[in-house]
Amino acid sequence: MEYTKLGSTDITISKLCVGCMSFGKAGTMHDWTLDEDASEQVIRHALDLGINFFDTANGYSEGTSEEYLGRALKRNVPRDKVVIASKVYFNPGRLSREAIMREIDGSLRRLGTDYLDLYIIHRFDYDTPIEETMEALHDLVRAGKVRALGASAMYGYQFYNMQLAARDHGWTPFSAMENHYNLLYREDERELIPICRQMGVTLMPYSPLAAGHLTRPTWEADTLRARTDRVAMGKYDRMEQQDIRIVQRVDELARQKGCKMSQIAIAWQWAKGVASPIIGATKTRYLDDAAGALDVHLTAEEVAYLEECYVPHPIVGAINANPPEGVVLLDEKK
């Protein structure tokens, strides 16, 4: 495994992050999530590979993702050897001070830890003043409950304004951005990613394999997740006709290099300056494949070839308004 720093902090993260939306009680959010024993097998294998970075959220599978992760880590590794990230937003009160103070304590309790290494706001909150959110987050850092802050999918101007609020008031800025980014979705290259680079913010994208579409030459797959993940369908199916050409180029390049398609897709992330793409693995071999991507290197010409067919996409990730109370699954195909 290879490692890098999170933003300008002293936190060392592996160049792969385990996405813990795959863990949790099935049916509470998705039908395909792993039970506690299966989750621990994947987590233990990640640790064996040298992966030290785990990303979960308070809203994943009604909190059972945090519970499974916390118990598995406690049984298998010293706390100071791992970097734990969780998120806040899909909860009553969104990013209000009251909600943040309540939700951090809930996450810490479920994870069985005294602190989070990284606390991420899951979306932009249209109802709470930016200053209220940023001051509350800063107070968590001051209190020792959180080491560093991050943000997730939002518009570039929103992230920039939040960073300015932190700078102007002497509060803790964001060190990481967890955005939607892969070969099939590159809209953040216009604004958000350049802002992150300008501000020294680490990129840790979710869905680097586009819900599996960058791992196989066909669009459809006969797996439980492919059949039931209506969020993935909502995110990707409407652009199938355009994006299958990119998938075919990934397949072609993987054949040429004698590697997996997923390894091409992950190697592309690193070639684009991503620090730690988030891999949502439901099988240990998927982590083996991801780690093997460290041996795959793309030339500038190969990167350009992979990107050549891309066309503008509808925005998926950033939202234009807060969803109704209780909604956790965005972009779901009805």
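Is Tyr89 buried or exposed? Hold that one for a moment, while I tell you what we're looking at. This is a predicted model, where local features need pLDDT of at least 70, side-chain atom pairs count only at pLDDT 80 or more, and totals for chains, interfaces and linings use all residues. Residues are numbered from 1 along each chain as its sequence is written, and side-chain values use heavy atoms, with hydrogens and water left out.

Tyr89 is buried, with a relative accessible area of 0%. For that word, buried means under 20% relative accessible area, exposed means over 50%, and partly exposed is in between, using a 1.4 Å probe and protein chains only.

Now the sheet. When I say helix or strand, I mean a DSSP run, numbered from the N terminus: helices are H or I with at least four residues, strands are E with at least two. Two strands pair if DSSP finds at least two bridges between them. With that, we get an open sheet of 8 strands in the order 9-8-7-6-5-4-3-10, with parallel pairing. Strand 9 (202-203) and strand 10 (278-279) are at the edges with a single partner strand each, so one side of each has no neighbour in the sheet.

Helix 3 packs on this sheet, touching strand 5, strand 6 (116-121) and strand 7 (146-152). Its direction makes about 135° with that of strand 6. Touching, or contact, means heavy atoms within 4.5 Å. For the angle, axes are lines fitted to C-alpha atoms, for helices over the stretch in contact, and angles run from 0 to 180 degrees between N-to-C directions.

Let's walk along a few of the pairings. Strand 3 (residues 17-19) runs parallel to strand 4, joined by 3 bridges, and there Cys17 sits opposite Phe53. Strand 4 and strand 5 are also parallel, again with 3 bridges, and Asp55 faces Ala85 across that pairing. Then strand 6 and strand 7 pair in the parallel sense over 5 bridges, with Ile120 opposite Gly150.

How many residues of strand 5 are buried? It's 6 of the 6, so strand 5 is largely enclosed by the rest of the structure. Val83, Ala85 and Lys87 point one way, Ile84, Ser86 and Val88 point the other way, and all are buried. So what about strand 7? There, 6 of the 7 residues are buried, so strand 7 too is largely enclosed by the rest of the structure.

Next, helix 2. This one covers residues 64-76, has 13 residues, and reaches 18 Å from its first C-alpha to its last, close to the 18 Å expected at 1.5 Å a residue. The expected span is 1.5 Å times one less than the number of residues. Its buried residues include Thr64, Tyr68 and Leu73. What covers the buried residues of helix 2 includes helix 1 (36-48), strand 4 (53-55), strand 5 (83-88) and helix 3 (97-111).

In the loop between strand 4 and helix 2 you'll find Gly63. At 1% relative accessibility, Gly63 counts as buried. Not counting residues up to four places away in sequence, Gly63 touches Asn58 and Arg110.

Asp139 has 14% relative accessibility and counts as buried. Leaving aside neighbours within four places in sequence, Asp139 is in contact with Arg97 and Met101.

Last topic: rings. A pair of aromatic rings is described by the distance of the centres and the angle of the planes. Rings of Phe, Tyr and Trp (its six-membered ring) pair if their centres lie within 6.5 Å; planes under 30 degrees apart are stacked, over 60 edge-to-face, and the rest tilted. By this rule the count is 5 aromatic pairs. In one of them we meet Tyr89 again: its ring and that of Phe90 have centres 4.9 Å apart and planes at 90°, so the pair is edge-to-face. Phe90 is buried as well, at 13% relative accessibility.

Phe159 and Phe174 have ring centres 5.7 Å apart and planes at 20°, so that pair is stacked. Phe159 lies in helix 5 (residues 156-169) and Phe174 in strand 8 (residues 174-178), so the pair ties together parts that are 15 residues apart in sequence. Phe159 is buried at 0% relative accessibility, and Phe174 is buried at 3%.
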